Amino acid sequence: MTVTVAVPLHRSRRWVDNVVANVDRLPAEVTEVLISDRTLEDDAAELLTARLAHDERVTVLARHEGLTWFEHYQDLVERATGDLCTWLPHDDDLDASWIPRLGAALAAEPTAWLAFGRVVGVRADGVTATSWQPRSIRPGLLEGVEVLDLALAQQAWQPFHGLFRRREVLAAGIRMESMGAYPGVDMTWALAVGLRSGWVSVPTTSMRKRYHDTNTHTTFRQAPGDHQRAALEVVRRVGPPGLQGVRMQLRARRATLRVVARHQVRRVRGGVARRIGR
């Protein structure tokens, strides 16, 4: 099996040292590293070209094309040559065991298309743990309703960071693409993969995700229930046929109604509290 690691850049000069350290840690299983900057708002691509010139696996793509972040990710998947692929954001860190253990998990579950490890939240220094930590997900093969429930609970972003079977995902027509105004393309993509093939959770390896003021997700805006509505649309598109699919759609609809109802209750309570306080 060949493995591609795709590193999308955007205003990445701050993270050049981090990208270099991650690439230097990548194991021999990785056969291709695609580093790509399509906005060219700084000289990160130029710096990385020079600093990683010793690594024959590395290709740096640098040209202004004005792609959205998810179009950029999709383009890298299509350009990659590896049987397996993973995305590595410029500000995150992978354990040295990430690729080998996730690859082994996929080999052990030949019908699954994606394996992922534990995500640890850290501050910008890459060391200090954040007070909030991502939800723990049980180990092993996750399928069907379990995948859907994790997505409805807004946890599908964790599998998104995993290692996936590139050719199978592309052949199935699963793409990083917008679903209207909903910004969580990473979650809808991962849910689509999970519904088609399942996810394999491997908490014995981990990645560190930095939380800071320039994270892409800080620009996302969504109304209560938008995430669950997007999950419902994914179920409609790629969910199982027949009664099982209908039940999944009903489950997503109920989750949407619960989220919207809770929001309305909070608004009413807040309004009452403000009136009492006058």
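**Salt bridges and other local features**

Arg-38 and Asp-75 pair through their side chains in a salt bridge, with an N to O distance of 2.7 Å. The pair connects distant parts of the chain, 37 residues apart: Arg-38 lies in the loop between strand S2 (30-37) and helix H2 (44-51), and Asp-75 in helix H3. A salt bridge here is a side-chain nitrogen of Lys or Arg within 4 Å of a carboxyl oxygen of Asp or Glu. The model is predicted: local features need pLDDT of at least 70 and side-chain atom pairs count only at pLDDT 80 or more, whereas totals for chains, interfaces and linings use all residues. Residues are numbered from 1 along each chain as its sequence is written, and side-chain values use heavy atoms, with hydrogens and water left out.

**Terms for position and burial**

- Helices (H or I, at least four residues) and strands (E, at least two) are DSSP runs, numbered from the N terminus.
- Buried stands for under 20% relative accessible area, exposed for over 50%, and partly exposed for values in between (1.4 Å probe, protein chains only).

**Salt bridges**

- The whole structure contains 19 salt bridges according to the search.
- Arg-38 counts as buried because its relative accessibility is 1%.
- Asp-75 is likewise classed as buried, because its relative accessibility is 18%.
- Helix H3, where Asp-75 is located, covers residues 69-79.
- Apart from residues up to four places away in sequence, Asp-75 touches Arg-38 and Leu-67; contact means heavy atoms within 4.5 Å.
- Glu-233 and Arg-236 form another salt bridge, in which the closest N and O atoms are 3.3 Å apart.
- About one helical turn separates Glu-233 from Arg-236, because they are three residues apart in helix H9 (residues 226-238).
- Through shared partners, salt bridges join Arg-38, Arg-63, Glu-65, Asp-75 and Arg-79 into one network.
- Glu-233 is partly exposed at a relative accessible area of 25%, and Arg-236 is partly exposed at 41%.
- A salt bridge also forms between Arg-175 and Glu-177, whose closest N and O atoms are 3.9 Å apart.
- Arg-175 has a relative accessible area of 39% and is therefore partly exposed; Glu-177, at 34%, also counts as partly exposed.
- In general, side chains of opposite charge can pair when their charged atoms come close.

**Surface patches**

- Patches are made of residues with over 30% relative accessible area and no salt bridge; like charges are joined within 9 Å, and nonpolar side chains (Val, Leu, Ile, Met, Phe, Trp, Tyr) within 5 Å.
- A patch of positive charge on the surface brings together Arg-254, Arg-258, Arg-262 and Arg-266.
- For charge, Lys and Arg count as positive and Asp and Glu as negative, while His and the chain ends are not counted; each charge is placed at NZ of Lys, CZ of Arg, CG of Asp or CD of Glu.
- Arg-254 belongs to helix H10 (residues 242-277) and is partly exposed, because its relative accessibility is 43%.
- A nonpolar surface patch consists of Leu-243, Val-246 and Leu-250, which together have about 270 Å² of accessible area.
- Accessible areas come from the Shrake-Rupley method with a 1.4 Å probe; for residues, only the protein chains shown count as cover.
- Leu-243 is also part of helix H10 and is exposed, because its relative accessible area is 54%.

**Threonine positions**

- Thr-4 sits in strand S1 (residues 3-9) and is buried, because its relative accessible area is 0%.
- Leaving out residues up to four places away in sequence, the contacts of Thr-4 include Glu-32, Leu-34, Ala-80 and Cys-85.
- Between Thr-4 and Leu-52, 48 residues apart along the chain, the C-alpha separation is 16 Å.
- Thr-68 occupies the loop between strand S3 (58-62) and H3 and is partly exposed, because its relative accessible area is 30%.
- Thr-68 and Leu-170 lie 102 residues apart in sequence, with 19 Å between their C-alpha atoms.

**Positive phi angles**

- Most residues other than glycine have a negative phi, and most peptide bonds are trans.
- Arg-11, which is not a glycine, has a positive phi of about 50 degrees.
- Arg-11 is placed in the loop between S1 and helix H1 (16-25) and counts as exposed, because its relative accessibility is 53%.
- Leu-40, also a residue other than glycine, has a positive phi near 55 degrees.
- The loop between S2 and H2 holds Leu-40, which counts as partly exposed because its relative accessibility is 39%.
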